[in-house]
Amino acid sequence: MKKKTFSLVLVILIVSFTVFIVQLFITVSSNKSNQYTAYVKPENALPILTTEDGVTKVNGHVLVNEQYSLPETYNPGESKHARRQLNKLLAQAEKEEIDLKYRSGFRSYEEQQKLIKQAIKQDGRQKAYDYTAKPGHSEHQTGLAFDVGTDAPLSNFKKEFGHSKEGRWLAKHAKQYGFIIRYPKGEEDWTGYEYEPWHLRYVGDSLAHTIHEEQTSLEKYYNLK
Ligand SMILES: [Zn+2]
């Protein structure tokens with residue numbers, strides 16, 4: 001190898017190595033930062049995922065499921081606006097002689113922790129995790145989720161609620177108040193949850209109407225899997 005060629009190769013190697021180190025540094029430092037934006041391939045809507053202080057949002061909507069969790073410190077309490085909308089929904093139901101009642105709402109990380117401990121004690125670990133979300137993975141921690149039911153306690157938190165007069169009314173009218181049935185039937189592979197006709201999630205008017213009309217779920221609509 002000629003001396004000139006050798007120097008050229010050496011220079012190229014040094015430059016490549018420097019570029020590699022700089023890129024490595026950029027990657028490491030951007031991973032450290034807890035604020036980043038990732039774009040996901042669109043299907044039905046262009047989903048823009050953002051994460052800030054451990055809270056992931058899809059197009060501005062807090063995202064909680066098996067994959068995305070909330071940090072222990074995220075403790076927003078019940079959303080006043082969402083609760084007002086729920087109260088309007090329940091009032092309208094009452095007007096139409098539909099027996100719909102508030103059953104549960106905001107739960108902090110600690111409360112979810114207590115709930116799962118209680119469930120494990122009662123039913124064993126495996127069964128408990130089947131029906132109770134792990135702390136940080138419950139949508140109730142967002143303050144935007146509510147469970148509703150009827151005055152007949154035995155029918156509450158059961159799939160059959162979906163077939164009842166109340167369940168059908170809820171599925172039809174939830175969108176008018178900005179709510180979706182968060183875990184619909186047939187969407188289990190997308191949501192990671194069994195059908196829960198009683199669990200409402202406030203997402204606002206526009207998204208609630210779209211998800212209802214397209215008979216889809218939050219995850220499927222944004223192609224999140
Ligand atoms: Zn719920």
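Me: In which sense do S7 and S8 pair, and over how many bridges?
Reply: This is a predicted model, where local features need pLDDT of at least 70, side-chain atom pairs count only at pLDDT 80 or more, and totals for chains, interfaces and linings use all residues. Residues are numbered from 1 along each chain as its sequence is written. Strands (E, at least two residues) and helices (H or I, at least four) are DSSP runs numbered from the N terminus, and two strands pair if DSSP finds at least two bridges between them. S7 and S8 pair in the antiparallel sense, over 4 bridges.

Me: How many residues of S7 are buried?
Reply: A residue is buried if 20 or more other C-beta atoms, placed from the backbone, lie within 10 Å of its own; it is exposed if 12 or fewer do, and partly exposed in between. S7 is largely enclosed by the rest of the structure, because the buried count is 5 of 5.

Me: Which residues have the most contacts inside the largest nonpolar core?
Reply: A nonpolar core is a set of buried Ala, Val, Leu, Ile, Met, Phe, Trp, Tyr and Cys residues joined through C-beta atoms within 7 Å. The largest one has 30 residues. Elements giving two or more residues to this core include H2, S7 and S8. Those with the most contacts inside it are Val148, Ala174, Phe179, Ile180, Leu200, Ala208 and Ile211.

Me: What does Ala208 touch, leaving out residues up to four places away in sequence?
Reply: Contact means that two C-beta atoms, placed from the backbone, lie within 7 Å. By this criterion the list for Ala208 is Ala174, Lys175, Gly178, Phe179, Ile180 and Val203.

Me: Which residues of H2 are buried?
Reply: The buried side of H2 packs against S5, S6, H5, S7 and S8. The face turned away from that side carries exposed residues, among them Lys80, Arg84 and Glu94. The buried residues of H2 are Ala82, Gln85, Leu86 and Leu89.

Me: How far apart are the end C-alpha atoms of H2?
Reply: The expected span of a helix is 1.5 Å times one less than its number of residues. For the 16 residues of H2 this should give 22 Å, which agrees with the separation in the model, 23 Å.

Me: Is Gln92 buried, exposed or partly exposed?
Reply: Gln92 is found in helix H2. Because it has 15 C-beta neighbours inside 10 Å, Gln92 counts as partly exposed.
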